[in-house]
Amino acid sequence: RTNPSAKTESALSPYACQRRTTMDNHNKIFTDALEVLAENLEFGGNQGPSLAFRRAASVLKSLPAALKHLQETQHLPCLGEHSRAVIEEIIEYGSSSRVEEILNDERYRTMKLFSSVFGVGPKTSESWFCRGLRSFEQVLNEPSVRLNRMQTAGFLFYEDISKPVSRTEASALKIIVEEAVISVNPSATVSITGGFRRGKEFGHDVDFIIKTPEAGQEDAILTAVIERFKSQNILLYSDFQESTFDLRQLPTHCFEAMDHYSKCFLIIKLKREQETDARAGRDWRAVRVDLVAPPLERFAYALLGWTGSTLFERDLRRFARLERGKLLDNHTLYDKATNTFLPANTEEDIFAHLGLEYIEPWQRNA
Ligand code: TTP
Ligand code: MN
Ligand code: MN
Ligand code: MN
C-alpha cells in the first residue's frame, strides 16, 4: 500500500512538453467535453479560465488508458475542481449537463458557426451575434456588415474549406507546392508541418515550411510561387505577408503574436482524383494552404513553432521561461542568465538547450 515507487511512476508533468501525447486519445469522451467548456469561455473572451480546461484535457490525452474512476485523477496535474466535477459526472451519467447546456446554447452555436468561416474570429462573430444575426444568410443580407477580402473568400469557398483535408490530399498538395518551389529555386526544399507532421489523418488546412539556402530569398520565393500558382490557374485566394523579421529582436513574451517570417495564407484548387462533382460541374475542390519561409539559420525554431500543437508550443515557452530562465519563440532561444542567443540547427538542439527529452512530432498532440 505504501509502495514508494508508485508515486514517481505515476508522476505526470504539468508541462505538455514533458509528456508524450499521440493521436491515440483514450479519453475523448472527457476531453471533448472539457474542450467545449474551454471554447465557450474563449467565445466570451475569458482566455485565462479557458486555459485551465485546455490543460486538463491535454493531461487526459496523454494517459495510456481510459479513466474508469474519479480516484484515478487524484495524482494528475492540472485537474481543478471544475474539471474533476465534469469528469465525475461523465463517469457516472455518460455526459455533463453543463456541456449539454452549452451545446444547445444559441450564443455558443452561433459563435461556433460564424467563427468556422475563414477570416472570421471571435470578435467579428460576437459583433454579428450582438446585431441579432444567427445565420450565414442573415449575415450576407445585412447591409451594415462589411466583409473583408479574407471573409469574402471564406464565404465563397465555405462548403469546400469547411470539409476536412485528408492525408492523401495533403500529399497531393505537397507535390504541387514542391514543383512550384523547385521551379523557382532548385536548391530549396519543402516539408509538411502543422497537424499532418504530428500524424493527424485530417486537417483544416495543410501547412508547409520552405527551406532556402540563400539568405534574403524568403520573400522572393513566396511571391514567385504565388505567381506560378496564378499562371497555373489554381490560385483562388492569397494573402502574402512579407517578412518583418529583425535579427536583434528578443523573443516575444506574448504567445498569441504571429511570427515575423515571410508567409502566405492561400486557397488552392486541388484536382479530384476520381469522381468529378457533376452537380457543381467542376473537377477540383478548394483547400486552405499555409506557406512559411524562414531564413535558413532560423529553420529549426520555425519548424518547432509551426508543428504545434498550440498547447504544446505554449508549454514549451512557459517551461523555458519559468523552469530554465530562457525565452523561446518561433525565431530564437535566449538565455537571460548569460544574455546570449542559443543557436540551433535542429529541433533536437532546442530540446537539448532546454534540458528536455526530445519529443517526436507525433508525440506533440497535447
Ligand atoms: P494550424 O494550421 O492552425 O493548426 P494545426 O495544423 O495544428 O491543426 P489543423 O489540422 O486544424 O490545421 O497551425 C499550425 C501551427 O502553426 C500552430 O502550432 C501555430 C503555428 N503558427 C505560427 O507559429 N505562426 C503563425 O504565424 C501561424 C499563422 C501559425
Ligand atoms: Mn494506446
Ligand atoms: Mn494546419
Ligand atoms: Mn495553418
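Is Asn339 buried or exposed? At 54% relative accessibility, Asn339 counts as exposed, where exposed means over 50% relative accessible area, buried under 20% and partly exposed in between (1.4 Å probe, protein chains only). This is a predicted model, in which local features need pLDDT of at least 70, side-chain atom pairs count only at pLDDT 80 or more, and totals for chains, interfaces and linings use all residues. Residues are numbered from 1 along each chain as its sequence is written, chains are lettered from A and ligands numbered from 1 in the order in which they are written, and side-chain values use heavy atoms, with hydrogens and water left out.

**Domains**

- The chain is assigned domain 1 (4-102), domain 2 (108-147), domain 3 (165-300) and domain 4 (305-363), with bounds that come from an automatic or database domain assignment.
- Taken over C-alpha atoms, the centres of domain 2 and domain 3 are separated by 28 Å.

**Manganese sites**

- Asp205 (OD), Asp207 (OD) and Asp290 (OD) coordinate the manganese ion (ligand 4) at 2.1 to 2.2 Å; donors are N, O and S atoms within 2.8 Å of the metal (3.2 Å for Na, K and Ca), and water is not among the atoms, so sites may look incomplete.
- The donor residues of the manganese ion (ligand 4) follow the sequence spacing D-x1-D-x82-D.
- Asp205 lies in the loop between strand S3 (202-203) and strand S4 (206-211), and Asp290 in strand S7 (residues 284-293), so this pair ties together parts that are 85 residues apart in sequence; helices (H or I, at least four residues) and strands (E, at least two) are DSSP runs, numbered from the N terminus.
- The manganese ion (ligand 3) is coordinated by Asp205 (OD) and Asp207 (OD), at 2.1 Å.
- Asp205 bridges the manganese ion (ligand 3) and the manganese ion (ligand 4), which lie 3.6 Å apart.
- Asp205 and Asp290 are buried, and Asp207 is buried as well.
- The manganese ion (ligand 2) is coordinated by Asp24 (OD) and His26 (NE2), at 2.4 to 2.5 Å.
- Asp24 is partly exposed, with a relative accessible area of 47%, and His26 is also partly exposed, at 34% relative accessibility.

- An oxygen atom of ligand 1 is 2.7 Å from an N or O atom in the side chain of Asn330, and a polar side-chain atom of Lys200 lies 2.8 Å from an oxygen atom of ligand 1.

**Backbone features**

- The peptide bond from Gly308 to Ser309 is cis, with omega near -5°, and Ser309 lies in the loop between H14 and helix H15 (310-324).
- Asn339, in the loop between strand S9 (333-335) and strand S10 (340-341), has a positive phi near 55° although it is a residue other than glycine.
- Asn233 has a positive phi of about 60° and is not a glycine; Asn233 is found in the loop between helix H13 (218-231) and strand S5 (235-241).

Terms used: Polar contact = N/O pair within 3.5 Å; in protein donor to acceptor, adjacent residues only side chain to side chain.
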